[in-house]
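Dear colleague,

Please find below the structure that I am handing over to you. I would be grateful if you would look through it alongside the notes in this message.

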Amino acid sequence: MSKESPALPRWLPVLLFALALSAAFWRIPKPEMPAFVPPPPAAASTLPATFSAEMLPSAGESAHAAALAQLPDGRLVAAWFAGSREGAADVAVWFSTQGKEGWSRPQAIATRETTAGGTFAYVRKVGNPVLYAEGGWLHLWYVSVAVGGWAGSSLNHSVSTDHGKSWSKPEKLQTSPFANISTLGRTSPMALADGGLGLPVYHEFIAKHGEWLRLSATGQIIDKVRMKHDVRTLQPAVVAFDAQRAIAFLRDAGSGNNKVQVAQTDNGGLSWQAGEALNVPNPNASVAALRLRSGRLLLAGNPPNGREALLLWISADDGKTWQASRTIETAPDAGAEFSYPALLLGRDGRIHLAYTWRRLGIKHAAFSEAWLDEEKP
């Protein structure tokens, strides 16, 4: 006769259920604390006071939201969206390279059709490109919308390994568990010490706030962090002070005091806290920020009454106080709009600025730090 199996303890099923439940909610521990690539030591610029400006070649009746990057050979590249009007079905992301003969004829590098074909999803419109050059790779992030307005955007990523001549099929990044919508890009990423990138993005479905995407060296999303703020904000532009500290300048999305809003981190972007708004106006418009060779910060944005002028401010104390520097462009007529600036510090120390010009095209200005300090007439 076989012996009967011993009865299982009554608590064992409860324990197994608890272990299974814990496993379902267990998350992979985050890697060690991230760190920014620290900016180089401050140095005086040797360039004389210079300023030049030119229009980029037209790619459509309406143009907006330019981005800039610099290739390893020193050439500048720009991307923007253009078509018959913002949000129209014929809008595409366009790309141009600056050579010895000027800017090249724009080429469409992301359309509704190519995005739908690459992501196997319906696409109603595209917009807001971001460029970043990293060794032999040129990254492109841009938004696409299937239903609704820009608040329903998803973020797509594509790469070129031949300086923008050809691009990989776009991949839609999984940034949200809820229908994967409302993640938009606008400003350039920051290099991280582990070889990855920190990409400033923003959310505007119901709530409006800045976010920080931490990407691995191979492009996977490691973490997404909200930039906490008491008011609605959009489109963070980030500048690092050292390996752990950075500041984000955000668009006041209509609920603040019409000033440039601030978020700060002291742990490499692992968390962000609201800071005191700058004494710099913001009429619910995108801003751009840059750390100059001298160590000072440069901010580009609009005056308090709207987008009819594009202005520059400088801070010599890590963003605590700001002084008006230059007016890039201004006009009194009702159709004037000079907005959505993008800033880039060239490897030769020259400062590059691209911006929307009257919604008709994209304008590129290049100037030196000495020009910023030159006595105004």
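The notes that follow go through the model region by region.

Please bear in mind from the outset that this is a predicted model.

**Helix 2 and the sheet beside it**

Helix 2 covers residues 112-119, and its buried residues are Arg112, Thr115, Gly118 and Thr119. Viewed down the helix axis, the buried residues of helix 2 fall within an arc of 140°, so they line one face of the helix. These buried residues pack against strand 7 (125-134), strand 8 (137-145), strand 9 (153-160) and strand 10 (171-172).

Both ends of helix 2 have a feature to point out. After helix 2 comes Phe120, which has a positive phi, near 55°.

The strands that helix 2 packs against form an open sheet of 4 strands, in the order 7-8-9-10 and with antiparallel pairing. Strand 7 and strand 10 each have a single partner strand and stand at the edges, so one side of each has no neighbour in the sheet. Asn156 has Lys172, in strand 10, as its bridge partner.

Strand 22 (residues 309-315) is mostly covered, and 7 of its 7 residues are buried. Which residues cover the two faces of strand 22? On one side Ala309, Leu311, Trp313 and Ser315 are buried, and on the other Leu310, Leu312 and Ile314 are buried.

Strand 22 pairs with strand 21 in the antiparallel sense over 5 bridges. Strand 22 is also joined by 6 bridges to strand 23 (residues 323-330), again running antiparallel. In this second pairing, Trp313 has Ala324 of strand 23 as its bridge partner.

Gly301 belongs to strand 21 (residues 297-301) and stands opposite Leu311 in strand 22. Gly301 is buried, with a relative accessible area of 2%. Leaving out residues up to four places away in sequence, Gly301 touches Val287, Ala309, Leu310, Leu311, Trp313 and Pro341. From Gly301 to Ala78, the C-alpha to C-alpha separation is 19 Å, while the two residues are 223 residues apart in sequence.

Strand 25 (residues 351-357) is mostly covered, with 6 of its 7 residues buried. Strand 24 (residues 338-345) pairs with strand 25 in the antiparallel sense over 6 bridges, and Ala342 stands opposite Ala354 in strand 25. The hairpin of these two strands has 5 residues between the strands, and Gly349 in that hairpin takes a positive phi near 95°.

Strand 25 also pairs with strand 26 (residues 361-367), in the antiparallel sense and over 7 bridges. Gly361, in strand 26, is the bridge partner of Trp357. This hairpin has 3 residues between the strands, and Arg358 takes a positive phi near 55°.

**Two loop residues**

Is Ser368 buried or exposed? Ser368 lies in the loop between strand 26 and helix 3 (369-373), and it is buried, with a relative accessible area of 0%. A polar atom of the Ser368 side chain lies 2.6 Å from the backbone oxygen of Pro48, and a polar atom of that side chain lies 3.1 Å from the backbone nitrogen of Thr50. Leaving aside neighbours within four places in sequence, Ser368 is in contact with Leu47, Pro48, Ala49, Thr50 and Ile351.

Pro40 sits in the loop between helix 1 (11-25) and strand 1 (51-55). Pro40 is exposed, with a relative accessible area of 65%. Pro40 and Glu375 are 335 residues apart in sequence, and their C-alpha atoms are 28 Å apart in space.

**The largest pocket**

The largest pocket holds about 1,100 Å³ of space. Of the 41 residues that line it, Tyr132, Pro189, Met190, Leu290 and Leu344 lie nearest its centre. The elements that give two or more residues to this lining are strand 2 (62-70), strand 7, strand 12 (190-191), strand 16 (233-240), strand 20 (288-291) and strand 24.

With kind regards

Methods: Residues are numbered from 1 along each chain as its sequence is written. This is a predicted model: local features need pLDDT of at least 70, side-chain atom pairs count only at pLDDT 80 or more; totals for chains, interfaces and linings use all residues. Side-chain values use heavy atoms; hydrogens and water are left out. Buried means under 20% relative accessible area, exposed over 50%, partly exposed in between (1.4 Å probe, protein chains only). Two strands pair if DSSP finds at least two bridges between them. The arc is that of the directions from the helix axis to the C-beta atoms. Contact means heavy atoms within 4.5 Å. A polar contact is a pair of N or O atoms within 3.5 Å; within protein, one must be able to donate a hydrogen and the other to accept it, and residues adjacent in sequence count only if both atoms are side-chain atoms. On a 1 Å grid over the protein atoms alone, a cavity is a set of points where a 1.4 Å probe fits but cannot get out, and a pocket is an open set with protein on both sides within 12 Å along at least five of seven lines; lining residues have an atom within 4 Å of a point. Grid points are joined across faces, edges and corners, and a volume is the space filled by probe spheres set on the points.
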